[in-house]
Number of protein chains: 2
Amino acid sequence: MVEIITIGDELLIGQVTDTNSAWMGRELNKAGFDVQRITSVSDKKEEIKDVLEKATQRAKIVLMTGGLGPTRDDITKKTLCEFFDTHLVFNEEVFGDIQKFLKGRVKSINELNREQALVPKKCDVIRNPMGTAPIMWFDYNDSVVVSMPGVPSEMKRVMSERIIPRLIQKYRPGIIIHKTILIHNIPEAVLAEMLTDWEDDLPPEIKLAYLPAPGRIRLRLSARGDDAKTLETKIANAVDGLKPIVGDNIYGDEDLPASDIFAEFFRNTEKSLALAESCSGGYLAHLVTSVAGSSDYFKGGMVTYSNELKQRLLGVRERDLKEFGAVSKQVVEQMALGVLDITDADYAIATSGVAGPGGGTNEKPVGTVWIAWAASGKGVVSKLFNFGKYRERNIMRTSETALIELMQMMKKGEI
Amino acid sequence: MVEIITIGDELLIGQVTDTNSAWMGRELNKAGFDVQRITSVSDKKEEIKDVLEKATQRAKIVLMTGGLGPTRDDITKKTLCEFFDTHLVFNEEVFGDIQKFLKGRVKSINELNREQALVPKKCDVIRNPMGTAPIMWFDYNDSVVVSMPGVPSEMKRVMSERIIPRLIQKYRPGIIIHKTILIHNIPEAVLAEMLTDWEDDLPPEIKLAYLPAPGRIRLRLSARGDDAKTLETKIANAVDGLKPIVGDNIYGDEDLPASDIFAEFFRNTEKSLALAESCSGGYLAHLVTSVAGSSDYFKGGMVTYSNELKQRLLGVRERDLKEFGAVSKQVVEQMALGVLDITDADYAIATSGVAGPGGGTNEKPVGTVWIAWAASGKGVVSKLFNFGKYRERNIMRTSETALIELMQMMKKGEI
């Protein structure tokens, strides 16, 4: 039903990542519109016309962003005139907006600014409250083509306030509801097999998608129809059927990063947290502190990369470091208990592992990670993992796993 | 010359932002290939076939990512069979890779894992060192179609190591040489003005791109031609002309993250480093430890989020915390000296600021950040910054600035 066209050489050479279309896809989908294709093209007239022609044949709604700036390489407006067989006219109202917008920002209005007030005669101009490029709405047979600036803040504002409401009024799409279930510790193929029967029993209105990330899967259910209440019930029933199959491996039911899920859970426990990191190297603390308001429950932590600091700051026994090595149950548990003691926190997490690429041995290959969780007055538990051979992935999986496992153990009263 | 097709419903509903194609565009461009179009389509057979047909008519090289997972919604492989008029065959070698990859990760290989070893008969299989989905290379008339997994780490590895080298060998694009100069502390518009004359004098073979990131600009010079030596000389001359204009604001001349540039510099000094973080919350330690081999010089650090820990662990004076607040010259300098003392490191960095969104005041608005650098026997220096109103950006800019400034001061012998 909808196609998105994003215009600009910078997108094709990877200078800029196109985040506009994902945002538009999300907002349109929420409003009940399906995006069926996204195309990025360069600032070349023939390219833009070609894509526009094909897109208008396939889709009722074509939304374009980019190529409306005042510089020479932006040629979208002229291309639209050729495509719709019209010409540019000077729009006083738009020029008034531009003058108002630039007042105080530039010394004087120049020719390029004046040119921005030129708009195709056949279009319906939507004013841009945040910039100098006007938005152009074309009614074309039974279809709509809209051209917007590529600056994300300008595009988002005008999409939310003007374009989407007008599209809903014109096309009255159905209702679509999404629910995302977050699952960890089950490989995608295993999960798919576990869910075969459940999936076969899903009502036809519900579509399923597996969105895997290292160590985790987001399982997305989407229901489509006319009645929100019916759809919500169907989704709720499907989720109810899922729970006994996947059980404790479900760690959340909102489409949020693990750090946000953990933060929301932990904040409500009104407990405090401390960290002692070796292989995660500060990334675990970063995950915790990336969430606003974390200072309410996060006391702090240590990144004890050297054995010397593990002993001196956390009280890890030299004997155990020698006998078992830094990557061991003994050491990681002493780290967790040590930081718990020093910080007076209610809970503590410690990590120690071989992040790689160097440092692996036969006995402890790269990816070997010990994580320990300690709770004031409740002792300490630890688990051994192997996250594979890539440093970056090891650091991330160690950190996410540490948070998710603590949350799951606390929910079950295991710690 | 190149078209990219990214496949997956999750891209169209905006659940996942397509970062693959920007990365691919960047790498292909570096290798001398121009990307002319990027298309994202849903996991629908007819859609994929349609895009594939048009793309192969327009471009010599078509690179596809996504839709190769073991679950039912991934149908790229079957679609490729229909498109290339072939069928799936079981590939023992791929199955061997899958078994090896899954060993220790799953209890047993299931039917879905076996199915991943099915590949189109007509294609040339490229093995995937990081996952279970094989990469498929099709020679098609004079064109090439390659299908890769959508998981970024898997795609990136196989693109860098296998696909791009093979494309270069097959198509021998002209020579393109890039040089990236890393500049910090100058806004883009100011830099552009400073460089006007220099830019006008550049030889026609050299193209310039400003790649801005918060607080930094990567200035990329690209020279295109037939003779590598001539191009290298021209680039070197251009860089020589740049240095007197931009001066100390240049902190590197390789297109690498600030953390890598810092690591290479700091390793060679044979000094050790420690950190005391407040507002950067562990991200600074993460930047340092994200580089392999950092354990050689990084002793460790503290994330002292609470004032209590700033006092107890780092010896910050309670009186100063009360009088000047945690975000102050006094406190950040005591943090740096404190961690230097505790860890016996040669250098230490400390951060304290208002990351936001809460915690700002009139006097110290969100984005106010103090950074201190201390050196054993040389005392401590500190600087005040304001990085703006976004939490994530404040955390990142604090951390990168802390490393770059230390490096620049050490180069000049200021610390």
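User: How do strand 10 and strand 11 of chain A pair, parallel or antiparallel?
Analyst: In this predicted model, strand 10 and strand 11 of chain A pair in the antiparallel sense, over eight bridges.

User: Which residue stands opposite A:L211 there?
Analyst: A:R218, in strand 11 of chain A, stands opposite A:L211.

User: And the turn between the two strands, how many residues is it?
Analyst: The hairpin of strand 10 and strand 11 of chain A has two residues between the strands. A:G215 takes a positive phi in that hairpin, near 80°.

User: What does strand 9 of chain A do with strand 11 of chain A?
Analyst: Strand 9 (residues 175–184) and strand 11 (residues 216–225) of chain A run antiparallel, and 10 bridges join them.

User: Which residues in strand 11 are across from A:H178 and A:T180?
Analyst: A:H178 stands opposite A:S222. For A:T180 the bridge partner is A:R220.

User: Where do the side chains point in a regular strand?
Analyst: They alternate between the two faces of the sheet.

User: OK, what's the strand order in the whole sheet?
Analyst: The order is 10-11-9-12 in chain A, an open sheet of four strands with antiparallel pairing. Strand 10 (206–213) and strand 12 (250–252) are the edge strands, each pairing on one side only. From one strand to the next, the twist averages 30°.

User: What lies across those strands?
Analyst: Helix 10 (residues 228–246) of chain A lies across strand 9, strand 10, strand 11 and strand 12 of chain A. Helix 10 runs at about 15° to strand 9 of chain A.

User: How many residues of strand 11 are buried?
Analyst: Eight of the 10 residues in strand 11 of chain A are buried, which leaves the strand mostly covered.

User: What about A:D97 and A:R127?
Analyst: Their side chains meet in a salt bridge, at 2.7 Å from N to O. A:D97 belongs to helix 5 (residues 92–102), while A:R127 is in the loop between strand 6 (124–126) and strand 7 (135–140) of chain A, 30 residues apart.

User: Is that pair buried or exposed?
Analyst: A:D97 counts as buried because its relative accessibility is 17%, under the 20% cut-off. A:R127, at 36%, counts as partly exposed.

User: Why are A:E161 and A:R157 separated by about one helical turn?
Analyst: Because they are four residues apart in helix 7 (residues 152–171) of chain A. A:E161 is partly exposed at 48%, and A:R157 counts as partly exposed at 34%.

User: Which residues do shared partners join into one network?
Analyst: A:R37, B:E47, B:D50 and B:K54 are joined that way by salt bridges.

User: Last one, A:K100: buried or exposed?
Analyst: A:K100 counts as exposed, at 63% relative accessibility. A:K100 is found in helix 5 of chain A, and its C-alpha atom is separated by 59 Å from that of A:L195, 95 residues apart along the chain.

Key. Residues are numbered from 1 along each chain as its sequence is written. Chains are lettered from A and ligands numbered from 1 in the order in which they are written. This is a predicted model: local features need pLDDT of at least 70, side-chain atom pairs count only at pLDDT 80 or more; totals for chains, interfaces and linings use all residues. Side-chain values use heavy atoms; hydrogens and water are left out. A salt bridge is a side-chain nitrogen of Lys or Arg within 4 Å of a carboxyl oxygen of Asp or Glu. Buried means under 20% relative accessible area, exposed over 50%, partly exposed in between (1.4 Å probe, protein chains only). Two strands pair if DSSP finds at least two bridges between them. Axes are lines fitted to C-alpha atoms, for helices over the stretch in contact, and angles run from 0 to 180 degrees between N-to-C directions. Contact means heavy atoms within 4.5 Å.
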